[in-house]
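These are my notebook entries on a single chain. I set down what I looked up, topic by topic.

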Amino acid sequence: MGRTVVLETESFTAVVTERPMEPLDLGVFEGAGVNPRLFDFLILKSRMYCRPTFAPISSALVECDSGGVTSSNYALFPYRKIRRPIYPLDPQVLHALAVAGQ
């Protein structure tokens with residue numbers, strides 16, 4: 001992550017890193033001394049890898065398609081020769097894993 005700083009005001013707390021870092025686990029916050037479970041909202045810039053870590057501690061997930069070299073709108077891509085169902089193309093897979101306790 002490089003040099004990291006935590007900016008705190010009455011309205012928000014932000015973890016800012018020197019290098020781009022995919023929020024792969026809670027350690028991105030905890031390593032900076034911030035417990036993400038204590039906040040009402042977490043705003044992450046992530047392509048997708050944050051879901052397995054942050055969905056279990058969240059009441060909702062809002063995806064934003066911001067353009068760029070990739071998209072969160074998987075319907076834009078012509079997937080072929082792929083086994084189905086598979087997450088994230090088939091969202092019911094995540095629900096089934098959560099129900100199974102995995």
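The entries below run from the overall layout to single residues.

**Basis.** I worked from a predicted model, in which local features need pLDDT of at least 70 and side-chain atom pairs count only at pLDDT 80 or more, whereas totals for chains, interfaces and linings use all residues. I number residues from 1 along each chain as its sequence is written, and side-chain values use heavy atoms, with hydrogens and water left out.

**Layout.** I looked up the secondary structure and found three helices and two strands. Helices (H or I, at least four residues) and strands (E, at least two) are DSSP runs, numbered from the N terminus. Along the sequence I read the pattern β-β-α-α-α. The C-alpha atoms fill a box of roughly 45 × 35 × 25 Å along the principal axes.

**Surface and contacts.** I take buried as under 20% relative accessible area, exposed as over 50% and partly exposed as in between (1.4 Å probe, protein chains only). Of the 102 residues in the chain, 17% are buried. The accessible surface comes to about 8,200 Å², and carbon and sulfur atoms hold 56% of that area. These areas come from the Shrake-Rupley method with a 1.4 Å probe; for residues, only the protein chains shown count as cover. I then turned to contacts, meaning heavy atoms within 4.5 Å. Among contacts between residues at least 6 apart in sequence, 27% join residues at least 24 apart.

**Charges.** I compared the mean positions of the 10 positive and 10 negative charges, and they are 14 Å apart. Lys and Arg count as positive and Asp and Glu as negative, while His and the chain ends are not counted. Each charge is placed at NZ of Lys, CZ of Arg, CG of Asp or CD of Glu.

**Strands.** How do S1 and S2 run? Strand S1 (residues 4-8) and strand S2 (residues 13-17) are antiparallel and joined by five bridges; two strands pair if DSSP finds at least two bridges between them. A hairpin of four residues links S1 to S2. I noted two bridge partners in S2: alanine 14 for leucine 7 and valine 15 for valine 6.

**Start of the chain.** Methionine 1 sits in the segment before S1 and is partly exposed, at 29% relative accessibility. Beyond its neighbours within four places in sequence, methionine 1 contacts Thr17, Glu18, Arg19, Met21 and Val28. From methionine 1 to glutamine 92 I record 91 residues in sequence and 33 Å in space, C-alpha to C-alpha.

**Core.** Which residues form the largest nonpolar core? I list Leu26, Phe29, Val34, Cys50 and Phe54. Such a core is a set of buried Ala, Val, Leu, Ile, Met, Phe, Trp, Tyr and Cys residues joined through side-chain atoms within 4.5 Å. In soluble globular proteins, nonpolar side chains tend to be buried together. Not counting residues up to four places away in sequence, phenylalanine 54 touches Pro23, Asp25, Leu26, Phe29, Leu42 and Leu44.

**Loop between H2 and H3.** Is aspartate 90 buried or exposed? Aspartate 90, in the loop between helix H2 (51-54) and helix H3 (92-100), is buried because its relative accessible area is 11%. With neighbours within four places set aside, aspartate 90 contacts Arg84 and Pro85. Arginine 84 and proline 85 are joined by a cis peptide bond, with omega about -5°, and proline 85 lies in the loop between H2 and H3. Lysine 81 is also placed in the loop between H2 and H3. Lysine 81 is exposed, at 90% relative accessible area, and its phi is near 55°, a positive value in a residue other than glycine.
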